[in-house]
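Please look at the sequence and the 3D structure shown below, and keep both in view while reading the briefing that follows.

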Amino acid sequence: MRHADAYLSAVEHAPAYQLGPGKAAGLLDCPIAETGIGLDHALELIDRFVDREGIAPTSGRFTGYVPGGGLFHAALGDFLAAISNRYAGVFFASPGAVRIENQLVRWMAGLAGLPKGASGYLSAGGSGATLAAIVTARDARGISGENIPRAVVYVTEHTHHCVDKAMHIAGLGAVQRRHVAADERLRMRPEALAAAIRKDRQEGMLPWMLLLSAGTTNTGSVDPLSPLGEIAARESLWLHVDAAYGGFFLLTDEGREKLAGIEQADSVVMDPHKTLFLPYGSGALLVRDGALLKQAHRGDADYLQDTMASLDEDSPADLSPELTKHFRGLRMWLPLQVLGLAPFRAALSEKLLLARYFHAQMAASDLFEVGPTPDLSVVTFRQKGDDALNQRLVEAVQRDGRIFLSSTRLGGRFTLRMAAVCHRTHLAEIDTTIQVLHELAAKACQDRRA
Ligand SMILES: Cc1ncc(COP(=O)(O)O)c(C=O)c1O
């Protein structure tokens, strides 16, 4: 506890990024051995080589990739789950743990507007949840054998790469990926989707699945879910919505407006380790027809015959690839129960406002140009100048360490992005980010002139 307290007390002023010369190699000087080193020495190694090296995801000045944060009550939940080591895979083994996990799934399904009968599971992250969604959609629509090369999924170039990975793992690498055109705010165009499906049908292809983003990683863009969902329904496509980043904005009025139409989905992925601020290792899959999820994941074995009888609640082991699993529900249930939903709603509304503030400040700057007004809490921008200048700016940010943000490519151009997601990111952190960016960008210009 003393170690955790010391770490958390230092977070406000600690670097958002730092890398020592050895890149944590000092850990290797202490190999796993016959005789233990004791807790104090082990904590010292964690402090020196783990907690201080690399990105600090706990920092409010970390706005790269998609931050999470890590709530204290979630850590407490993990601690308690590990202490009692409740077996959250089957209802028989721990009715309390499974009721907690299923209650959370029902709460998220309700948030997304899915009907009674929806089901799901708490995964380790968005990629695993996406894989389970694709496997469910594959089995539900009979995509196998000679159908596979004719089957088509519709995405945009901004769809998260975990979809490609999941397709490959699910044995669907030969499925056609149709990249539907996006509008100027990088959201899928409904008329382009309709045209692509029409063309595919004319050519004897098998339109199978529409993958929409409720908040892309690159830009936070939300595809127009309502009209696209209507097309999916009309064309009998499986509709999957990747709300890994954007899903919990449904807790805000503005988010509900932006994500309207998500309720039409056959499957939805939401990541509590992103916009619910939990520590890494928390994703969720929600499936409209729970029976289809179960069909795709249920297993049976003689050695489990004592555990299978319960009808009270579905068992996570029947709804996911996992059998013996971490009781990860406790890390989500505890903060939601202890704190209530109000602070989560407030924190998410704050992130939306901070992103708009950052966008406006950067748009008014002589040194920077900005991308579109953010749909959610990701803002894209560039230092005025060429790609090399922008790349040097990112490198300078990382060397400096006060803030951390990451880059991407948009339309072939090197682009910086700021993702306001961590619960510790407030106005002061955004102002520091703006100030550091200006300082380093001005220096980059001077260096170039010199
Ligand atoms: C939109 C989106 N989808 C899916 C994923 C994959 O989730 P995970 O990293 O939890 O596996 C991410 C991760 O950043 C994401 O931003």
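In this predicted model, strand 3 and strand 9 (residues 283-287) run antiparallel and are joined by 5 bridges, where strands, like helices, are DSSP runs numbered from the N terminus (E, at least two residues, for strands; H or I, at least four, for helices). Two strands are said to pair if DSSP finds at least two bridges between them. Within this pair, L122 has A284 of strand 9 as its bridge partner.

The model is predicted, and for that reason local features need pLDDT of at least 70 and side-chain atom pairs count only at pLDDT 80 or more, while totals for chains, interfaces and linings use all residues. Residues are numbered from 1 along each chain as its sequence is written, and side-chain values use heavy atoms, with hydrogens and water left out.

- Strands pair in a sheet through backbone hydrogen bonds, and the pairing can be parallel or antiparallel.

- S213 is buried, because its relative accessible area is 3%, and the cut-offs are under 20% for buried, over 50% for exposed and partly exposed in between (1.4 Å probe, protein chains only).
- When neighbours within four places in sequence are left aside, S213 is in contact (heavy atoms within 4.5 Å) with T159, S221, V222, D223, L225 and D242.

- Another open sheet has 4 strands in the order 10-11-13-12, with antiparallel pairing.
- Its edges are strand 10 (368-370) and strand 12 (406-410), each with a single partner strand, so one side of each is left without a neighbour in the sheet.
- The twist in this sheet averages 40° from one strand to the next.
- Strand 10 pairs with strand 11 (residues 378-383) in the antiparallel sense over 3 bridges, and E369 has R382 of strand 11 as its bridge partner.
- Helix 13 (residues 342-363) packs on the sheet and touches strand 10, strand 11 and strand 13 (413-419), with its direction at about 15° to that of strand 11.
- Helix 15 (residues 427-449) likewise packs on the sheet, touching strand 10, strand 11 and strand 13, and its direction makes about 20° with that of strand 11.

**Domains and nonpolar cores**

- The chain is divided into domain 1 (77-339) and domain 2 (342-449), with bounds that come from an automatic or database domain assignment.
- The centres of the two domains, taken over C-alpha atoms, are 30 Å apart, and the contact takes 29 residues from domain 1 and 24 residues from domain 2.
- The largest nonpolar core has 63 residues, and those with the most contacts inside it are Y154, L193, L210, V241, V268 and M270; such a core is a set of buried Ala, Val, Leu, Ile, Met, Phe, Trp, Tyr and Cys residues joined through side-chain atoms within 4.5 Å.
- Helix 4 (residues 95-111) gives the most to this core, with 6 residues.
- Because domain 1 and domain 2 both give residues to this core, it lies between them.
- Not counting residues up to four places away in sequence, M270 touches several residues, including M108, A112, F248 and L286.
- A second, separate core has 29 residues, among them I134, A137, V175 and V287.

**Loop residues with positive phi**

- Most residues other than glycine have a negative phi.
- N85, in the loop between helix 3 (72-84) and helix 4, has a positive phi near 50° and is exposed, with a relative accessible area of 62%.
- S236, in the loop between helix 8 and strand 7, has a positive phi of about 55° and is exposed at 51% relative accessible area.

Terms used
Axes fitted to C-alpha atoms, helices over the stretch in contact; angles between N-to-C directions.
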